[in-house]
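Visitor: I would like to learn how to read a model like this one. Please take me through it, feature by feature.

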Amino acid sequence: MGTWREIDVPVWETVVTPCDCCGQVVAKRLWIVEIDGTEQRFCGEECESLFRTYVLPERAVRAAADADPA
Ligand SMILES: [Zn+2]
């Protein structure tokens, strides 16, 4: 289960936080979820679902390919 985190940065702060799924810059609040021990930041719960559905399986396939070079 994730949690919303309000972004509270000074207006002169130029650091932007992109969504880990769609890459959209998040201005006001982030949907924070810990997946496999890593804190992921999304623009919303929809992106968490997308991330779990598409990005994680893709990543697993790539990791498997890396582990087996043949
Ligand atoms: Zn997103």
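Guide: Start with the elements. Helices (H or I, at least four residues) and strands (E, at least two) are DSSP runs, numbered from the N terminus. Glu 48, for example, has its place in helix α1. One caution: this is a predicted model, where local features need pLDDT of at least 70, side-chain atom pairs count only at pLDDT 80 or more, and totals for chains, interfaces and linings use all residues. Residues are numbered from 1 along each chain as its sequence is written.

Visitor: How many helices and strands are there in the chain?

Guide: The chain has one helix and five strands. From the N terminus on, their order is β-β-β-β-β-α. The radius of gyration (taken over C-alpha atoms) is 15 Å, well over the 11 Å that the globule rule (2.2 Å times the number of residues to the power 0.38) gives for 70 residues, so the chain is more spread out than a compact globule. Along the principal axes, the C-alpha atoms fill a box of roughly 50 × 25 × 20 Å.

Visitor: Which strands form the sheet, and in what order?

Guide: Pairing comes first. Two strands pair if DSSP finds at least two bridges between them. Here three strands form an open, antiparallel sheet in the order β1-β4-β5. β1 (3-6) and β5 (38-42) are at the edges with a single partner strand each, so one side of each has no neighbour in the sheet. For angles, axes are lines fitted to C-alpha atoms, for helices over the stretch in contact, and angles run from 0 to 180 degrees between N-to-C directions. Neighbouring strands of this sheet are turned by 35 degrees against each other on average, direction ignored.

Visitor: Which residues stand opposite each other?

Guide: Take β1 and β4, antiparallel over four bridges. Thr 3 stands opposite Ile 32 in β4. Five bridges join β4 (residues 29-35) to β5. Val 33 has Gln 40 in β5 as its bridge partner, and Ile 35 stands opposite Thr 38.

Visitor: What lies between β4 and β5?

Guide: Check phi in the turn. Most residues other than glycine have a negative phi. β4 and β5 form a hairpin with two residues between them. Asp 36, in that loop, has a positive phi of about 55 degrees although it is not a glycine.

Visitor: Is Asp 36 buried or exposed?

Guide: Count C-beta atoms, placed from the backbone. A residue is buried if 20 or more others lie within 10 Å of its own, exposed if 12 or fewer, and partly exposed in between. Asp 36 has 7 such neighbours, so it counts as exposed. Glu 48 has 22, so it counts as buried. Of the 70 residues of the chain, 16% count as buried.

Visitor: What does Glu 48 touch?

Guide: Two residues are in contact if their C-beta atoms, placed from the backbone, lie within 7 Å. Leaving out residues up to four places away in sequence, Glu 48 touches Gly 2, Trp 31, Val 33 and Phe 42. The C-alpha atoms of Glu 48 and Ile 35 are separated by 9.7 Å.

Visitor: Which residues make up the largest nonpolar core?

Guide: Nonpolar side chains tend to be buried together in soluble globular proteins. A nonpolar core is a set of buried Ala, Val, Leu, Ile, Met, Phe, Trp, Tyr and Cys residues joined through C-beta atoms within 7 Å. The largest one has eight residues: Cys 19, Cys 21, Val 26, Leu 30, Trp 31, Phe 42, Cys 43 and Cys 47. Beyond four places in sequence, Cys 47 touches Cys 19, Cys 21, Cys 22 and Phe 42.
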